[in-house]
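Take a moment to get the sequence and the model on your screen. We will walk through the fold together, one topic at a time.

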Amino acid sequence: MFYECESLTQVTIPDSVVSIGNHAFYNCRELRDVYIPEDIGSLSIGDYSFWNTPIREITSCSSIGVKAFENCVLLERLYTSASIIPGAAIRGCSSLRHIWFTDEFKNIDYYNLYVSEYGTRLNISELVVSINSLTRPLSEMFNPLWDEHP
C-alpha cells in the first residue's frame, strides 16, 4: 500500500477500516502520526504493518501481527484489545513506556520482553498469561512495572 513511502508523515484511518494489511506502512520513515478513531471497534494490524516507522502512539487495535511495530523507536503508547502479542511485534520499541491491554489478553511472545531499556509500564487486568508456554503471574515478572488496568 504505502510500502517504504518516503513522503508520508501522517495518516487517518477511517472508522470503516477493519484491517491494516501486511507491510502497509512498512519502513515509512517519516510517518509519525496515525489517527485512529476511538469508536473504530475492531481493527486488525497485519504483519510488519508499521515496521521501522517513527510512529508515537497506537490508540486502538484488536489484533497485532508478527513484527507489526518492530523497531518503532519513537512508539510510546499502545492501546490494544488483542489477546496475543506475537513474535517480536514490539521488539526494539525503545521509547515504549505504556501498554494497555484488556481482559482479552492471554499471551505475549518472549521476544517482546526486550522492549525498552528504561522500563515499560504494563496495564493488564489478566493476572496469568502464557509467555512461550511458561505461565507465571505478571506481577511477579514485571514488578515494579505492574499496574492495575485503569
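What you see is a predicted model, where local features need pLDDT of at least 70, side-chain atom pairs count only at pLDDT 80 or more, and totals for chains, interfaces and linings use all residues. Residues are numbered from 1 along each chain as its sequence is written, and side-chain values use heavy atoms, with hydrogens and water left out.

Let us begin with Thr80, which sits in the loop between strand E7 (77-79) and strand E8 (84-85). Helices (H or I, at least four residues) and strands (E, at least two) are DSSP runs, numbered from the N terminus.

Now step back to the whole chain. The protein chain has one helix and 14 strands, and 42% of its 150 residues are buried. Three of the strands form an open sheet in the order E2-E4-E6, with parallel pairing. E2 and strand E6 (63-64) stand at the edges with a single partner strand each, so one side of each has no neighbour in the sheet. Two strands pair if DSSP finds at least two bridges between them, and two bridges join E4 to E6. In this region, Ser44 stands opposite Ser63 in E6.

Next, look inside. A nonpolar core is a set of buried Ala, Val, Leu, Ile, Met, Phe, Trp, Tyr and Cys residues joined through side-chain atoms within 4.5 Å. The largest one here has 32 residues, and those with the most contacts inside it are Phe50, Ile58 and Phe69. Not counting residues up to four places away in sequence, Phe69 touches several residues, including Ile45, Phe50, Leu75 and Cys93.

Finally, consider the rings. Rings of Phe, Tyr and Trp (its six-membered ring) pair if their centres lie within 6.5 Å; planes under 30 degrees apart count as stacked, over 60 as edge-to-face and the rest as tilted. How many aromatic pairs does this rule give? The count comes to six. In one of them, the rings of Tyr3 and Tyr26 have centres 4.8 Å apart and planes at 5°, so the pair is stacked. Tyr3 lies in the segment before strand E1 (10-12) and Tyr26 in the loop between strand E2 (19-20) and strand E3 (33-35), so the pair ties together parts that are 23 residues apart in sequence. Tyr26 counts as buried at 15% relative accessibility. The rings of Tyr26 and Tyr48 have centres 6.3 Å apart and planes at 55°, so that pair is tilted. Elsewhere, ring pairs link Phe2, Phe25, Phe50 and Phe69 into a cluster.

Technical notes. Buried < 20%, exposed > 50% of the residue type's maximum accessible area, 1.4 Å probe, protein only. Contact = heavy atoms within 4.5 Å.
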